[in-house]
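I am opening a notebook on this structure.

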Protein chains: 2
Amino acid sequence: MGKGEASRHRILCTGLDLASERGLSNVTLGELSTRAAMSKSGLFAHFKSKDDLQIKLLEAAEVALVEHVLAPCAALPAGVPQLRCAVDRWFVWAQSAGLRGGCPLYAAAFELDDVPGPVREYLLQRHEVWIGILIGLLDDAVVEGQLSTDTDTAQVAFELEGIYLSHHLARRFTGDPDALQRAARAVDALLARHTPTDPEDPT
Amino acid sequence: MGKGEASRHRILCTGLDLASERGLSNVTLGELSTRAAMSKSGLFAHFKSKDDLQIKLLEAAEVALVEHVLAPCAALPAGVPQLRCAVDRWFVWAQSAGLRGGCPLYAAAFELDDVPGPVREYLLQRHEVWIGILIGLLDDAVVEGQLSTDTDTAQVAFELEGIYLSHHLARRFTGDPDALQRAARAVDALLARHTPTDPEDPT
């Protein structure tokens with residue numbers, strides 16, 4: 001990693017941590033230059049604007065999400081094993097990635113839901129990709145006969161996202177010590193609802 | 001309504017709309033004085049500080065929530081009828097209340113999850129009351145024999161909150177036209193999971 005790349009990496013890590021704690025809109029070039037102990041002009045060398053910086057932060061968050069959630073599950077059998085692995089890791093990925101303030105991606109989605117602009121557009125596209133990945137994992141489970149053939153996988157993804165958000169709130173906001181257990185119970189029930197009662201392969 | 005009270009009411013309505021669109025932390029005395037076409041000193045006559053203003057806004061949001069969600073259901077039979085009425089209205093309450101940017105209470109919970117201080121403390125207390133109300137409605141349904149006696153009503157409330165949040169995101173962020181239908185389907189399935197298979201009163 002060259003000097004420029006290393007400094008860029010340091011800025012992104014600091015910014016991601018800040019976004020995770022205070023929200024994306026509080027990651028200004030001014031605040032970040034203080035936290036990363038760099039001059040504002042030094043930051044401008046790496047990012048063209050506040051929007052550009054925020055998009056780069058979301059990009060970095062997604063890289064971390066893929067690394068902590070999807071990559072470790074890729075070698076597992078397709079279908080429910082991969083899905084469960086990914087969902088379990090998804091729920092705790094912000095901690096695994098060392099972010100002190102919870103998932104910056106969903107926090108940004110709530111923050112930007114009514115704020116039009118390029119950052120929202122970018123996040124919306126990436127959210128679509130993420131939901132597409134979840135649906136893909138669920139579709140695999142249908143193909144494998146682990147979920148019923150009539151499963152509405154987009155509906156299940158919608159409900160999984162809800163459990164994720166409720167867990168986020170219970171963990172970060174109310175500090176419920178049972179948050180993860182409640183989320184796991186909800187996921188179990190959701191998958192059980194779609195498990196064939198008369199599977200082709202009952203082993 | 002006296003002149004002072006009317007002006008206070010106007011400030012709160014403007015502020016609530018602003019909070020709903022841009023998030024609570026963007027409701028500063030400066031921004032609000034511009035939107036409400038009042039001097040900053042005029043605002044200071046009503047609110048002691050930014051924190052005080054934000055707490056009053058959350059208070060006003062809760063009054064609107066009660067008015068639009070709970071009050072219209074109070075005369076219905078206890079249990080599932082009241083619960084369904086409240087949940088259906090909860091999902092769309094921000095629109096019913098004329099807020100352009102979705103529920104300011106849950107948006108604030110995501111915004112403040114890692115921001116300690118009196119506003120977060122206040123919201124946390126009110127959130128506990130709200131979840132207590134949901135659990136109370138579910139408990140009534142258990143007493144009425146409409147939900148199984150072994151229903152973990154706190155778990156069901158956790159899952160209902162998740163469906164609410166997923167709906168919020170689908171509606172406000174991704175603009176999914178099926179958001180409400182998906183949410184209704186999820187609520188149906190959640191209640192069905194806890195409906196006694198052998199009810200005492202099978203009518």
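**Cavities**

I began with the largest cavity: α4, α7 and α8 of chain A each supply at least two residues of its lining. Helices here are DSSP runs (H or I, at least four residues), numbered from the N terminus. The model is predicted, so I kept its limits in mind: local features need pLDDT of at least 70, side-chain atom pairs count only at pLDDT 80 or more, and totals for chains, interfaces and linings use all residues. Residues are numbered from 1 along each chain as its sequence is written, chains are lettered from A and ligands numbered from 1 in the order in which they are written, and side-chain values use heavy atoms, with hydrogens and water left out.

I noted what a cavity is: on a 1 Å grid over the protein atoms alone, a set of points where a 1.4 Å probe fits but cannot get out. Lining residues have an atom within 4 Å of a point. A volume is the space filled by probe spheres set on the points, which are joined across faces, edges and corners.

The structure holds six cavities of 30 Å³ or more. The largest cavity has a volume of about 190 Å³. It is lined by 18 residues, and the closest to its centre are Leu65(A), Leu105(A), Arg126(A), His127(A) and Trp130(A). Which helix gives the most to this lining? I found α8(A), with six residues. By class, the lining of the largest cavity has 15 nonpolar residues, one polar and two charged. Nonpolar covers Ala, Val, Leu, Ile, Met, Phe, Trp, Tyr, Cys and Pro; charged covers Asp, Glu, Lys and Arg; the others, Gly among them, are polar.

Next I took the second largest cavity, with about 140 Å³ of space. Of its 14 lining residues, Glu159(A), Arg193(A), Glu159(B), Ile163(B) and Arg193(B) are the closest to its centre. Both chains take part: α9 and α10 (179–193) of chain A, and α9 (153–172) and α10 (179–193) of chain B, each give two or more residues. I counted eight nonpolar, two polar and four charged residues in this lining.

**The largest pocket**

A pocket is an open set with protein on both sides within 12 Å along at least five of seven lines. The largest pocket has a volume of about 470 Å³. Its lining has 36 residues, and Ser25(A), Glu111(A), Leu112(A), Val115(A) and Arg22(B) are the closest to its centre. The lining divides into 13 nonpolar, 10 polar and 13 charged residues.

**Between the chains**

How much area do chain A and chain B bury between them? I read about 3600 Å², 62% of it on carbon and sulfur atoms. Buried area is the accessible area (1.4 Å probe) that two parts lose on being put together, summed over both. Phe110(A), Phe158(A) and Phe173(A) supply 23% of the area that chain A buries against chain B, more than any other three residues.

The rule finds six salt bridges across this interface. Such a bridge is a side-chain nitrogen of Lys or Arg within 4 Å of a carboxyl oxygen of Asp or Glu. Asp152(A) forms a salt bridge with Arg182(B), with the closest N and O atoms 3.4 Å apart.

**One histidine**

His168(A) sits in helix α9 (residues 153–172) of chain A. Is His168(A) buried or exposed? I noted buried, at a relative accessible area of 5%, where buried means under 20%.

Conventions: Buried < 20%, exposed > 50% of the residue type's maximum accessible area, 1.4 Å probe, protein only.
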